[in-house]
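Student: I would like to learn how to read a protein model step by step. Could we work through some questions together?

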Amino acid sequence: MKARWQAFKKRHWDGRASSERRAIALGALALSPLFAYLLVWQPAHVAGTKLRDSVPAMRAQAAHLRAQAAEAETLRHHPKPAVLDANALKTAIEESAVRHQMRDALTSLDAQQPNAARITLAAVPFEQWLNWLRNLQQEQHIRAESVGIAALPQTGMVKINATLTNGGAQ
């Protein structure tokens with residue numbers, strides 16, 4: 001490598017006149033601040049600006065990830081609810097309907113295999129339905145898999161057809 005450099009120097013630098021070498025050296029000296037600006041300072045300045053703009057968003061993402069990790073950790077230590085078979089699910093729904101004064105509105109309750117129940121409520125206040133469904137989810141981990149809601153002529157009253165499940169695809 002050193003021999004190649006010396007051959008290159010001898011061919012291109014030493015072969016020039018001293019005034020020509022001086023002019024090239026002065027030109028290189030004059031252009032060095034421009035090269036320093038274009039190759040060092042300007043890219044660093046642009047990168048610094050981009051970083052200043054992106055760091056707050058990255059910090060927010062990191063905080064969100066930490067919160068999600070903490071939530072995942074707490075959920076990991078919660079016991080999994082027992083999966084009820086269709087008949088136990090039917091019994092749990094019926095008992096909950098009695099506790100929440102929904103038994104009279106419950107016109108049909110049919111067990112479906114393996115762990116689902118089909119219910120029909122003829123006329124129930126929508127808010128009462130939502131509260132009952134929320135309580136089923138929170139207390140017994142019974143969730144609505146599919147729901148059909150039809151508005152009735154009376155204000156706030158609805159007819160509900162729903163499939164409730166506990167487990168399976170949760």
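Tutor: The questions below concern a predicted model, and they take up a helix, a strand residue, an aromatic pair and some salt bridges in turn.

Student: What distance separates the end C-alpha atoms of helix α4 (residues 126-140), and what span should its residues give?

Tutor: Helix α4 has 15 residues, and at 1.5 Å a residue these should span 21 Å. The distance between its end C-alpha atoms agrees with that expectation, being 21 Å.

Student: How wide an arc around the axis do the buried residues of α4 cover?

Tutor: The buried residues of α4 are W129, W132, L133, N135, L136 and Q140. They lie on the same side of α4, because the arc they cover around the axis is only 160 degrees.

Student: Which exposed residues does α4 carry on the face turned away from its buried side?

Tutor: The buried residues of α4 pack against α3 (86-99), β2 (116-125), β3 (143-151) and β4 (157-165). On the face turned away from that buried side, the exposed residues are E127 and Q138.

Student: Is T120 buried or exposed?

Tutor: T120 lies in strand β2, and, leaving aside residues up to four places away in sequence, T120 touches A105, L106, T107, S108, K159, I160 and N161. Its relative accessible area is 15%. Since buried means under 20% relative accessible area, T120 counts as buried.

Student: What kind of aromatic pair do Y37 and W41 form?

Tutor: Y37 and W41 sit four residues apart in helix α2 (residues 18-76), so about one helical turn separates them. Their rings are 5.6 Å apart, centre to centre, with 20 degrees between the planes. Because planes under 30 degrees apart count as stacked, the pair formed by Y37 and W41 is stacked.

Student: Which residue forms a salt bridge with R103, and how far apart are the closest N and O atoms?

Tutor: R103 is partly exposed, with a relative accessible area of 33%. The closest N and O atoms of R103 and E94 are 3.0 Å apart.

Student: How many residues apart in sequence are the parts that R99 and E139 tie together?

Tutor: R99 forms a salt bridge with E139, in which the closest N and O atoms are 3.5 Å apart. R99 lies in helix α3 whereas E139 lies in helix α4, so the pair ties together parts whose separation in sequence is 40 residues.

Conventions: Residues are numbered from 1 along each chain as its sequence is written. This is a predicted model: local features need pLDDT of at least 70, side-chain atom pairs count only at pLDDT 80 or more; totals for chains, interfaces and linings use all residues. Side-chain values use heavy atoms; hydrogens and water are left out. Rings of Phe, Tyr and Trp (its six-membered ring) pair if their centres lie within 6.5 Å; planes under 30 degrees apart count as stacked, over 60 as edge-to-face and the rest as tilted. Helices (H or I, at least four residues) and strands (E, at least two) are DSSP runs, numbered from the N terminus. The expected span of a helix is 1.5 Å times one less than its number of residues. Buried means under 20% relative accessible area, exposed over 50%, partly exposed in between (1.4 Å probe, protein chains only). The arc is that of the directions from the helix axis to the C-beta atoms. Contact means heavy atoms within 4.5 Å. A salt bridge is a side-chain nitrogen of Lys or Arg within 4 Å of a carboxyl oxygen of Asp or Glu.
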